[in-house]
Amino acid sequence: MPAHIHHDPLRVEFVFPDGSRYVTAFDTLPNQLLVAELIAGFPELVHPHGTIAARGTAAQYATGLRRMVRWLADEGFTGGMSDLTRPLLLRYWLAASIYRADMARALLRAAHQTSGTLAPDVVRFLNGRPNKVRPKTTPLQPYTEAEWQRITDALRSVVRQSWADHQRAVAAAEAGQDPRVGGVTPANVAHELMEYGPMSTRALTASVGCTRFSVELVGRAQIQDALYPSGKIAAAYRMLLGVYTGVVPDGIAGLGLGDVMWSGDASVLLDYIKGRRGPESVNLTGRPVRLIERWLEHSALLRRHADEDVREELWLRLRQPSGRERRTSGYTISGPAKFKVNQSAQKSGLAAQLGLVDDAGKPLLLHMSRIRTTYVNTLSRKGWTGNTAIDPNHTTAVEGDRYLTAQTPAQMDAVETIIEESQSDVLRRALPPVVLTLDAAARAAVDLPAVAADLGVSDGALAELLGGERDVFTASCKDQLAGLHGPAGKPCPARPWVCLLCPLAVFMPRHAPNLLRLRAYFARQYRQMTTAQFVAVFGPYADRLDRDILPAFPAAVLEQAAASVTDTDEEVPVRPEEMTV
């Protein structure tokens, strides 16, 4: 569901893809005429037409509108959009921050699309170059491989340890009895907490009728932490799910039980909301499925005691009492919404518990968005071909800039080497083929030094070329050990058609029969392959053969060579998997 809005002259209600709403009013602002005109442009700013696709963005635009209207009123402006002038807007943009100035431009453009009331020179001014340049943001860098491994191992360790503690606490609670009858023991306290839900020391002592000291002595806090997952444990599960799946942080944080659809015993269809796009889904198998199963078991007891309004949240957590709750000894069971999704590890105490450090030995900040960046970066090095975007929601430019950046100087060198080799290969392919007719070969015998210099070979090598000693299937090779298509110093392993684009190949009349046999092989492959397949595999070679090489030979040579072509695979040195049907 795309974001949309409802508005009257002085009130706006935004409805977002995840079902959330943002309602704001502008009735206290001065210059209600200008306010009403600007509000009418909000539909043009809502996704997919504009950038408003989340509550936070809508709030920023509402604040930007208020600030602009108040500033104009302070300057004595009381008219509508048709009365705005370039000098007045320029003064506001110079006085405002870059982001407020950009929002003002967007608001005015959107309102003008609706009403068309801005003066023509103001419209040109809006569409002109910004007076302030927005600073470039630095994309999040992926964690290094060593940091990624440490994060993964640490999160797994927290999950395993908390689950083991939970199992022991549940077993003790099931073996315990009412502490009013059996006394205050660890098992009996666990039994009480499991039966009646989480309680503070004050509440437990009042319920059981014992002293505070006896409750604390048996470890009430530790038992309760083991029975009911805290925000720290919930954050560990959520971050590990991000490590396993790469789902966006707000998508993971907003999951409910209804978003986890089991499609068998070992696979899950996970529906989530991506704030800027709306509903999305991913099919999970293996480790993420086992992790979700484990969390559902781990949080089942807490879910049993949760209120109806939060029971369907996937990431329930036990929140410690604060303020009035502390005075009344109350605990709150809530979802992750109280935490900003990228601060949960720090605020819950998980980061401090893990004690992770980066490769330089400094404390390592756990960031859900950076975890996603690292996941996509890792995926790019595990069989991705580069033909399409890894995530269909991204353009290839976004993925290249934000996710697929090289991590180390060695990787940067490798990437640059690949680029240099590819550019050299493109330049080599652009060179015209070397074709020697009978007349050219005769002149070569006379002008031996000059021809040798043109071909880049020695006198002896030229004699071998002309005499056929350096022949391969389709040409003569200037240097089979040059290493263009294989290891230097080893015989060239290239397939016969590769010679058609090789700068070391020299084509002479005696090669015409094999060139025609290769042309017939291309024709047979074209008949059994799709056009896209043929162009990808044989297209450049067939084009060079038909366009540049064969037309260089006299027609009589080609006619005589064609008489020996039988149009079968036996004529061409191909492997079994390369044969035509």
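Trainee: Over the ring of which residue does the charged end of Arg-105 sit?

Mentor: First, a note on the source: this is a predicted model, in which local features need pLDDT of at least 70, side-chain atom pairs count only at pLDDT 80 or more, and totals for chains, interfaces and linings use all residues. Residues are numbered from 1 along each chain as its sequence is written, and side-chain values use heavy atoms, with hydrogens and water left out. A charge sits over a ring if NZ of Lys or CZ of Arg is within 6 Å of the ring centre and within 35 degrees of the ring normal. Here, the ring under Arg-105 belongs to Trp-93, with 4.3 Å to its centre. Arg-370 likewise lies over the face of Tyr-143, 4.1 Å from the ring centre.

Trainee: How many aromatic pairs are there?

Mentor: Rings of Phe, Tyr and Trp (its six-membered ring) pair if their centres lie within 6.5 Å; planes under 30 degrees apart count as stacked, over 60 as edge-to-face and the rest as tilted. The count is 14 aromatic pairs. The planes of Phe-14 and Tyr-22 meet at 35°, with ring centres 6.1 Å apart, so this pair is tilted.

Trainee: Are Phe-14 and Tyr-22 buried or exposed?

Mentor: Buried means under 20% relative accessible area, exposed over 50%, and partly exposed in between (1.4 Å probe, protein chains only). Both Phe-14 and Tyr-22 are buried.
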